[in-house]
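Biologist: I would like to learn how to read a structure of this kind with some care. Could you take me through its features one at a time, giving the general idea before the case?

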Amino acid sequence: MPKSFRSHLRITLGPYRLGLRLLRRELVAGELRVMAAALVIAVGALTAVGFSTDRVAQAMRLGAAELLAADLLLASSNPIDPQWTRQAHRHGLATAHTLSFRSMLAHGDRFQLAEVKAVSEGYPLRGRLEVAKTPFGAAHPTRAIPSPGTVWLEGRLLSALGLRVGQTVHLGAAQFTVTEVLALEPDRGGELFHIAPRVLMHIADVAPTQLVQPASRVTHRLLLAGEAAAIAGFRKQLATALQPGERLQGTDQASPQLRSALSRASQYLGLASITSVLIAGVAVALAARRYATRHADSVALLRSLGASSRWVAQVFALQVLVLGLLAGLAGCALGRAGEAILSNLFAGLVIGDLPPPSWKPIGIGLAAGMGTLLSFALPPLLKLRTISPVQVLNRNVGYFPAPMRASYAGAILLLAALGYQLGLEPRLASSVLAGAVATLILLAISARLLVKGLTGLRSRVGVAWRFGLANVARRPQESVLQIVALGIGMLVLLVLTFIRTDLLSSWQAQFPPEAPNFFLLDVQPHQVGAVQRHLAQYGLSPPALYPMVRGRLRQINGQPVAATHYSDPRARRLATRDFNLSWSEQLPAGNQVVQGQWWAASERPVPAFSVEQGLAETLAMRVGDKLIFDVAGQPIEGRVESLRSVAWDSFQANFFVMLPPGVLDSFPATYLTSLHLPASQRQVLGGLVQAFPGITVLDVDALLEKARSIVEQAIRAVQYVFLFTLVAGLGVLYAAVQATLDERKVEAAILRALGASRNRVMLGVLSEFVILGLLAGLVATLGATVLSKWLASAVFDLDLHLDPWLGILGILGGAASAGLAGLVGTRSVLAMPPNASLRAT
Amino acid sequence: MVEARGVEKRVPSPEGDLTILSAVELAIFAGETVAVIGASGSGKSTLLGLLAGLDLPTKGIVRLDGHDLTAIDEDGRAALRGQLVGFVFQSFQLLPSLTAIENVMLPLELAGNAQPKRRAEAILERVGLQHRRRHYPRQLSGGEQQRVAIARAFATQPKVLFADEPTGNLDQQTGGAIAELLFELNRERGTTLVLVTHDPCLADPCNRVVRLDNGRLTS
Ligand SMILES: Nc1ncnc2c1ncn2[C@@H]1O[C@H](COP(=O)(O)OP(=O)(O)OP(=O)(O)O)[C@@H](O)[C@H]1O
Ligand SMILES: [Mg+2]
């Protein structure tokens, strides 16, 4: 190698050598260690949360898939192009077909409208059918489907037709033997009261019934299941080729009962993950700033020895890159181990069988770790480039003013990217970010005021407190930063705590042990009292019954409503069916007016409508629209006065369309109620059906159990991930406090040399950190209250009940944990001869 | 007043244990002034730290005003230091978070002095820094910081004052003034002085000069 080239290499390798040497030294002692620790913890948290969220999300997706009976389905009013089935197989996906339509079922001289579903082998691709031998009898899961020539009927159909298993029914031109009572259909869905009872048959039997003609109203479904990636790929392909009248449905759009629980859970988990990155970022930024400050003198020296600013930039950039890689890998290992420990700990509690973790979180963890370092640590470090060599001489400049508002645009971008990656609602991610920034500003302002105020206080307090106060007031920027860092950390932990508490209690409230598991429909007005008495006989408290009148929507703003006006199959179905109209003076519990106004109590009944918002959206109705319903041949005309959101996940009786009381008094109403029956009292229903043959009993027990178990999974997941984030957050807060501890140690040693007792030194450290912690806690609690309120109502759809104790706990916890961290950090100095500590620095 | 018996100090180092001091025998009487001299690295600062109870010997005992420093715990030694000892560090060791006057007040406050401020101001004036009293250490020059460190050591009028090169950073005139201050204290209050110095201004007036040579006393 020619000599000149070698020396050239030396020069170009110079910064890297110095960079690596500095890195090695500083990792053993100094801010880099704090930075590395913060990063390892954060990446660990992110990957652990990632691993567990990933697994939990997979488990929940499976749960949701059961509600579709598939991972993805294509619904159409026309037969589905067979090429899709072939393509699906080519993608390695499993398929099944269903065909549903409405028809009359006949037995002897009795007729009953039924929803027929004809299914192919393989159905359901996810979840299980459950069957029984008698209506409302003990059910057991099965993998089979009705064989050709046989049908399975829902229990209430058997009671309505006076049928028993083994007898025959007519459907169109064909005759079938009833072989099972259908107890649970995984994809029965949410519209419980609005579909006629179910008949399940083999798809090969559809032709002999001659019921399905080219113009018949039927829904064809192609069910698909397989690997998440294959499903996602196929879904994209399908989405671009969608014909009018075709609709895709994924697990994200499963039953309305669970949709909200699942989406809240996944939003919360995402929030927790992004939070751990935010906290880590703050700790890293703090440590990097101190690192830069401490190296300002050495950089000035290097500059005076002739190093270019590029050289300096390379030295520090290299350190950041290597550190990011090492800490990222260590963090991933920690995250994996932490996840393993946690899922072991929770093994008995969690979700029976967690699917194995995917490797995706490793990639995200590494990228996030590097990204955190680049966006939070690089700005202050690169600022070192600009240091002038004069600083070697001039002590007054010697204090390096690291940038406080360094360009952290990268940080915001990183968080946004992570939010996107985690599938956070943009509103959630942006409000967390905005809330954090607002709190940051508030923290900075109040911290500055505090620091100012403290300066006056200094001469009036004892030596230990003076020392603590002096430390706070000395470098206002540092103290302000530390308060801001502590505060942001506490803010996010508090937000997570606040929301978690309410999320859990709202979920728990949704499925109380006595949630209704049966509905009684078609109770005649004169039977209301008798039914209540009948139930009271068995020691059941008499349920409230709601009136209901059937009506069909005829016109919207003068336009006749017809199925052909809509391409959406759901809209077609809704447009042509009977609605259950109910009335009430008050807004029913669990409902919320989202637009317009609920009617005030009026003397004279005036027709008006309150419409469920999803229905309004599907049928394109707005507040102020004029509707005409046909009720028993008579038109009822009125305006839409309000749109309501309905807690579909409440399993209470809910109505799409409601009117003020009095309007429908003259029409024949039937009554509806829900009740809770423990398993041991199911036979009550048999007696009830015999005593009141006209009453329809709807059994949602199995569905409720399913929903309950999914929500329980969600609760566990939230608990579990919250705990991890909390631990990680506390760890990072501790690291943030540690960032300034080296200096505290020297100070403690000097105080000791001057004869200060152990208690005095501890009190000094304590007073400083307690002051920082108190202020941070105070502002963080304020910020967290506002942010959680907003998030709760805008994203989580919760009415947040803040526990004032939680707030107080936040403030005191902030002070206590900061003080404790300070004490733990200085403790080691107290028992040592001061010279040992002084020389160590 | 200060007594070292068979003192040895070793520290671990990458090349095995390093003996900094060995077999040091030294007795300093109350009111005596002693100068410690020796080449750089000969162990002067180490010895001073041991005598003041800032560090512990690996062998032997150190007595301060009759108390065996090796027999009491760190808190006990801290209390003794607070009562008896003033120390001027070679590297000053001012608290960066406190102003000059606050640094000087610190030992007074720790000792429960009723009027720490007045006393601190008086001493700062004597070292010629009253106009810089509100400045932080990093805003002061090396010599100014050294004077603050000296003022701090004086503040409590200790029985024994240890000073590690107290005039090392000072010009001759200021150095002379500091030397005067030290010996005045010795004359007026009988303060025992133990000084590490290369400065004849300081060494000459001392009652006794001891020399350290590679960790051994060769007075
Ligand atoms: N904790 C330690 N670890 C390693 N070496 C040490 C330690 N303490 C002291 N030494 C070494 O012991 C020797 C004596 O140190 P000391 O500070 O006492 O020297 P000194 O005589 O005061 O020198 P100077 O005049 O340069 O201040 C030096 O070589 C020093 O490097
Ligand atoms: Mg020395």
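This is a predicted model: local features need pLDDT of at least 70, side-chain atom pairs count only at pLDDT 80 or more; totals for chains, interfaces and linings use all residues.

Biologist: How many salt bridges does the rule find across the interface of chain A and chain B, and which elements of chain A give two or more residues to the side that touches chain B?

Modeller: The rule finds two salt bridges across that interface. On the side of chain A that touches chain B, the elements giving two or more residues are α12 (463-474), α19 (741-753), α20 (758-794) and α22 (834-840), where helices (H or I, at least four residues) and strands (E, at least two) are DSSP runs numbered from the N terminus.

Biologist: How many residues of each chain are in contact, and what area do chain A and chain B bury between them?

Modeller: Contact means heavy atoms within 4.5 Å, and on that basis 30 residues of chain A meet 33 residues of chain B. Buried area is the accessible area (1.4 Å probe) lost by two parts on being put together, summed over both; here it is about 2700 Å², with 56% on carbon and sulfur atoms.

Biologist: Why does Glu180(A) count as buried?

Modeller: A residue is buried under 20% relative accessible area, exposed over 50% and partly exposed in between (1.4 Å probe, protein chains only). Glu180(A) counts as buried because its relative accessibility is 14%. Its place is in strand β8 (residues 174-184) of chain A, and the residues that Glu180(A) touches include Val131(A), Trp152(A) and Val165(A).

Biologist: Which residues touch the most other members of the largest nonpolar core?

Modeller: Such a core is a set of buried Ala, Val, Leu, Ile, Met, Phe, Trp, Tyr and Cys residues joined through side-chain atoms within 4.5 Å. The largest one has 103 residues, and Tyr268(A) and Trp507(A) are among those touching the most other members. Helix α7 (residues 256-304) of chain A gives the largest share of this core, 21 residues.

Terms used:
Residues are numbered from 1 along each chain as its sequence is written. Chains are lettered from A and ligands numbered from 1 in the order in which they are written. Side-chain values use heavy atoms; hydrogens and water are left out. A salt bridge is a side-chain nitrogen of Lys or Arg within 4 Å of a carboxyl oxygen of Asp or Glu. Lists of a residue's contacts leave out its neighbours within four places in sequence.
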